[in-house]
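Please look over the structure below before reading on. My notes follow as numbered points.

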Protein chains: 2
Amino acid sequence: MTTHKQQREQQAKRPLRADTERTVQTILEAAERVLTTNPAATMEQLARAADVARTTVHRRFATREALLDELTGWAARQFADAVDTARPDAAPPLVALYQVTANVLSVKTHWSFAMNRAAEDAHPEAARIHAEVRATCARLFRRAQEAGVLRPDIDLDWTRRVYYALIHEAAKEGAGGGDTDALATRVVDTLLRGAGAPAGLAGQTGV
Amino acid sequence: MTTHKQQREQQAKRPLRADTERTVQTILEAAERVLTTNPAATMEQLARAADVARTTVHRRFATREALLDELTGWAARQFADAVDTARPDAAPPLVALYQVTANVLSVKTHWSFAMNRAAEDAHPEAARIHAEVRATCARLFRRAQEAGVLRPDIDLDWTRRVYYALIHEAAKEGAGGGDTDALATRVVDTLLRGAGAPAGLAGQTGV
DNA sequence: AAGACATGCAACATCAATGTTGCAAGTAGA
DNA sequence: TCTACTTGCAACATTGATGTTGCATGTCTT
């Protein structure tokens with residue numbers, strides 16, 4: 001006799017059967033999809049979204065927490081990949097900035113729930129990864145400042161937070177699968193130039 | 001005999017006793033405080049934070065929902081006030097922009113949970129108020145654009161969303177009661193000028 | 001001081017979500 | 001084909017949060 005508990009305990013030791021692996025994927029993707037619009041969704045709802053019985057979900061993930069953790073870790077790794085691929089420490093600052101933005105956007109539009117959750121901690125690996133990315137981002141911005149891309153007088157931490165916020169905002173827009181490159185262009189443009197008209201032009205009636 | 005249910009049903013009809021009014025205030029403030037860091041906080045936790053028995057909370061608010069709605073409405077009204085006080089339709093665009101930012105920040109640093117929730121809907125009044133504010137904001141930005149404060153080629157809706165995001169970000173920083181004016185200055189500055197160095201200066205090695 | 005009202009406390013009822021198990025039926029893979 | 005594994009289903013146990021009530025005690029208000 002093999003109880004679910006026992007099955008799960010062996011999960012790590014043995015390779016999964018092909019169809020099972022697919023099921024796990026399906027569940028994770030459905031979970032992401034549902035949780036993005038309703039973070040408090042029930043296991044039942046997640047199961048139905050994956051077109052699977054609730055018990056099946058429990059067979060693969062011991063607890064709800066375990067499922068969320070899996071999602072979180074998955075997204076964090078994708079995140080790290082997206083950043084590294086852009087060669088943030090090697091490419092010229094502006095190029096790297098643009099590339100990082102585009103890559104991250106494409107991940108974030110598809111894994112928005114999991115990525116937000118990762119920032120919360122409670123998941124050591126994800127926390128570590130996000131801290132690393134933050135550091136990488138800080139280095140990139142420092143290089144950008146030294147290269148004259150960013151104003152010398154600006155607060156780099158504030159700038160990084162603004163950058164994150166802009167990406168977050170752009171990701172909402174691109175949720176349905178918009179043009180990542182166009183969004184990235186807009187994010188970088190807004191970050192660097194802002195929305196104001198260059199000083200010294202016509203119509204400065206305010207102040 | 002007066003059951004709690006009956007008490008609550010009369011709540012609207014009668015003026016509250018002085019100490020009760022204070023209790024209600026205390027509960028709302030404590031709820032805001034706790035929910036900001038833990039949106040899933042229990043009624044028990046909210047009660048303890050207000051230094052009150054759980055039953056007392058239930059006596060004043062029929063359900064958890066009712067409590068949250070009260071918070072939401074309260075915050076929405078403060079929000080509307082903050083915007084209107086800045087004379088967004090009359091003052092010169094830049095002045096209005098700065099003033100609105102400062103006012104909203106001071107509200108948002110103290111009612112961050114309730115303000116975020118208001119955007120979600122489920123509360124007709126709050127939804128209406130937020131829609132109005134959004135419209136006011138749009139008008140202000142249009143005026144700013146016509147006055148040459150904002151670039152003529154920019155997407156005003158994106159700009160508004162960026163503006164909201166910047167305020168949100170600044171509000172996090174000022175949570176402990178930071179200098180609202182300084183934060184507002186930074187928000188407006190970032191929105192208008194961005195973080196980039198003016199074009200045509202030294203060191204444009206990137207791209 | 002007296003009546004009305006508010007509070008804390010303890011106990012209870014309900015309910016929804018989580019997690020478990022056994023079993024029958026179906027599928028993967030050798 | 002045969003075996004091992006997986007799934008759906010139905011049923012159950014548990015838990016934590018919500019909401020209710022009665023009562024004793026204390027505090028306003030007049």
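Predicted model: local features only at pLDDT ≥ 70, side-chain atom pairs only at ≥ 80, totals over all residues.

The points cover the interface, the symmetry, and then a few local features.

1. Local features were taken only where pLDDT is at least 70, and side-chain atom pairs only at pLDDT 80 or more.

2. Extent of the interface. Chain A puts 36 residues in contact with 36 residues of chain B. The area buried between chain A and chain B is about 3,200 Å². Carbon and sulfur atoms give 54% of that area. Three residues stand out on the chain A side: A:R151, A:W158 and A:A195. Together they supply 23% of the area that chain A buries against chain B, more than any other three residues.

3. The rule finds eight salt bridges between chain A and chain B. One of them joins A:D155 to B:R186. The closest N and O atoms of A:D155 and B:R186 are 3.3 Å apart.

4. Which elements build the chain A side? Three helices each supply at least two residues of the side that touches chain B: α6 (93–108), α9 (156–173) and α10 (180–193) of chain A. α9(A) gives the most, with nine residues. Sorted by class, the side of chain A that touches chain B has 19 nonpolar, nine polar and eight charged residues.

5. Symmetry. A rotation of 180° superposes chain A on chain B, with 0.0 Å of shift along the axis and an RMSD of 0.0 Å. That is the relation of a two-fold axis. Which C-alpha of chain A is nearest the axis? It is that of A:G194, at 1.9 Å.

6. Do the copies meet through the same surface or through different ones? The same one: 100% of the interface residues of chain A are also interface residues in chain B, so the two copies share that surface.

7. Salt bridges overall. Side chains of opposite charge can pair when their charged atoms come close. The search of the whole structure finds 32 salt bridges over all chains. A:R139 forms one with A:D89, the closest N and O atoms being 3.0 Å apart. This pair too links distant parts of the chain, 50 residues apart. A:R139 is in helix α8 (residues 124–146) of chain A, and A:D89 is in the loop between α5 and α6 of chain A.

8. Backbone check. Most residues other than glycine have a negative phi. A:R87 is not a glycine, yet has a positive phi of about 50°. A:R87 is placed in the loop between α5 and α6 of chain A. B:D51, also not a glycine, has a positive phi of about 60°. B:D51 is placed in the loop between α3 (43–49) and α4 (54–60) of chain B.

Notes. Residues numbered from 1 in each chain as written. Chains lettered and ligands numbered in written order. Heavy atoms only, no water. Contact = heavy atoms within 4.5 Å. Buried area = accessible area lost by both parts, 1.4 Å probe. Salt bridge = Lys/Arg side-chain N within 4 Å of Asp/Glu carboxyl O. Helix = DSSP H or I, 4+ residues; strand = E, 2+ residues; numbered from the N terminus. Nonpolar A, V, L, I, M, F, W, Y, C, P; charged D, E, K, R; others polar. Least-squares fit on C-alpha atoms with pLDDT ≥ 70 in both.
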